[in-house]
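Student: I have a structure open and would like to go through it piece by piece. Can you take my questions as they come?
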Amino acid sequence: MSHPVIHDEQQQCFFIQEAGEEARLNYRWLDGHRVEAYSTYVPPALRGQGLADRLVRGLHDWVLDRQLQLVPSCSYVASWLKRHAG
């Protein structure tokens, strides 16, 4: 069963809890219009299931909905953007 991507605005992260473990994408505000995605982590037991893709997609949709600029300092987010956003 695929668990939902949850956005925790207070902790500034998107996460998926599955099989007692947590895949997580962390971000921080740089200013009122720019968000930096600085860390994506998927536990070894959950890798290869597309969880990182789902996390970045959740962040990307959220950024687009709010007309923000995404600054990808995380290498996974940067490569995802090259493949999917242009």
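This is a predicted model: local features need pLDDT of at least 70, side-chain atom pairs count only at pLDDT 80 or more; totals for chains, interfaces and linings use all residues.

Student: Start with the helices. At what angle do helix 1 and helix 2 pack, and how far apart are their axes?

Tutor: The angle is about 75 degrees, and the axes lie 10 Å apart. Helix 1 covers residues 51-65, and helix 2 covers residues 75-84.

Student: Parallel or perpendicular, roughly?

Tutor: Helix 1 is roughly perpendicular to helix 2, because angles from 65 to 115 degrees are put in that class.

Student: Which residues make the contact?

Tutor: From helix 1 they are A52, D53, V56, R57 and H60. Helix 2 brings Y76, V77, W80, L81 and H84.

Student: And what is the make-up of that contact by class?

Tutor: Six residues are nonpolar, two are polar and two are charged.

Student: Switching to the core. Which residues touch the most other members of the largest nonpolar core?

Tutor: That core has 22 residues, and the ones touching the most other members are F14, L25, L59, W62, L70 and V77.

Student: Which elements give two or more residues to it?

Tutor: Strand 2, strand 3, strand 4 (34-41), helix 1 and helix 2 do.

Student: Which one gives the most?

Tutor: Helix 1, with seven residues.

Student: W62 was on your list. What does W62 touch, leaving out residues up to four places away in sequence?

Tutor: W62 touches H7, E9, F14, Y27, W29, V35 and L68. One of these, F14, is also among the core residues with the most contacts to other members.

Student: Is E36 buried or exposed?

Tutor: E36 has a relative accessible area of 13%, so it falls under the 20% limit and counts as buried.

Student: What about the R34 and D31 pair, how accessible are R34 and D31?

Tutor: R34 is partly exposed, with a relative accessible area of 32%. D31 is partly exposed too, at 33%.

Student: Then the remaining pair, what are the values for R24 and E22?

Tutor: R24 has a relative accessible area of 24% and is partly exposed. E22 is also partly exposed, at 26%.

Student: Last topic, backbone angles. What is phi for Q12, and what is it for A19?

Tutor: Q12 has a positive phi of about 55 degrees, although it is not a glycine. Phi of A19 is near 55 degrees, again a positive value in a residue other than glycine.

Student: Where does Q12 lie, and where is A19?

Tutor: Q12 is in the loop between strand 1 (6-8) and strand 2 (13-18). A19 is in the loop between strand 2 and strand 3 (21-29).

Student: How accessible are Q12 and A19?

Tutor: Q12 counts as partly exposed, at 24% relative accessibility. A19 is at 68%, so it passes the 50% limit and counts as exposed.

Key. Residues are numbered from 1 along each chain as its sequence is written. Side-chain values use heavy atoms; hydrogens and water are left out. Axes are lines fitted to C-alpha atoms, for helices over the stretch in contact, and angles run from 0 to 180 degrees between N-to-C directions. Helices (H or I, at least four residues) and strands (E, at least two) are DSSP runs, numbered from the N terminus. Angles under 35 degrees count as roughly parallel, over 145 as roughly antiparallel, 65 to 115 as roughly perpendicular and the rest as oblique. Contact means heavy atoms within 4.5 Å. Ala, Val, Leu, Ile, Met, Phe, Trp, Tyr, Cys and Pro count as nonpolar, Asp, Glu, Lys and Arg as charged, and the others, Gly among them, as polar. Buried means under 20% relative accessible area, exposed over 50%, partly exposed in between (1.4 Å probe, protein chains only). A nonpolar core is a set of buried Ala, Val, Leu, Ile, Met, Phe, Trp, Tyr and Cys residues joined through side-chain atoms within 4.5 Å.
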